[in-house]
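Open the model in your viewer and keep the sequence panel beside it. The stops below go from the whole chain to single side chains.

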Amino acid sequence: MMFLIVLSILLNLVALFAIILLYVRQNRLLALDNQQKRRVTEMEELMSAYMEELKEENDAFLLSLAKDEPVNEERETVPSKVRKKAMEAYQSVPSIDPSDHSDEAEPAEPDMVSMYRAGASIDEIARAAGVGRTEVELFLKFNRTTE
């Protein structure tokens, strides 16, 4: 009989513990839900304020465009002048002949390797070849992998 009373008390304690645990979890879930709703409303307020600010800027821009109608015509001619200058510069550049294999970097390449093997520093090689230090480092790295 004593065993059943102890068992009943233990089961009641376990049930009470489970009820308390569920209550705490429910409160935590409700708190997270409220926090999420608060964040959503804050985000909506921020977005509406941002949209209102953009609308005001667009209205101000449209008003400034309406006042400066002649300036728009000048702005349309500017790109054509820029295009003409770009076309002139593009046409004035000499074309590269693909059959021409004379490359200025090729004669310096064996010098870079021989200088590096002779113990010259990368800075000295870069000064002698007339190229940047990074370019010399890259060339030497690629040259080591091909050998």
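Helices (H or I, at least four residues) and strands (E, at least two) are taken as DSSP runs and numbered from the N terminus. On that basis the protein chain has 5 helices and 0 strands, and its elements run α-α-α-α-α from the N terminus on. This is a predicted model, in which local features need pLDDT of at least 70 and side-chain atom pairs count only at pLDDT 80 or more, while totals for chains, interfaces and linings use all residues. Residues are numbered from 1 along each chain as its sequence is written, and side-chain values use heavy atoms, with hydrogens and water left out.

**Whole chain**

Select the protein chain and show its surface. Of the 147 residues in the chain, 7% are buried; buried means under 20% relative accessible area, exposed over 50%, and partly exposed in between (1.4 Å probe, protein chains only).

Next, look at contacts (heavy atoms within 4.5 Å). Among those between residues at least 6 apart in sequence, 37% join residues at least 24 apart.

**Salt bridges**

How many salt bridges does a search of the whole structure find? The search finds 3, where a salt bridge is a side-chain nitrogen of Lys or Arg within 4 Å of a carboxyl oxygen of Asp or Glu.

Select K37 and D33. Their side chains form a salt bridge with an N to O distance of 3.6 Å. Both residues belong to helix α1 (residues 2-67), and because they are 4 residues apart there, about one helical turn separates them. D33 is partly exposed, at 35% relative accessibility.

Move on to D123 and R133, whose side chains meet in a salt bridge at 3.3 Å, N to O. D123 lies in helix α4 (residues 122-129) and R133 in helix α5 (residues 133-146), so this pair ties together parts that are 10 residues apart in sequence. D123 is partly exposed at 36% relative accessibility, and R133 is partly exposed with a relative accessible area of 44%.

E137 and R133 both lie in helix α5, 4 residues apart, or about one turn. E137 is partly exposed, with a relative accessible area of 26%. Which residues do salt bridges that share partners join into one network? Select D123, R133 and E137 together to display that network.
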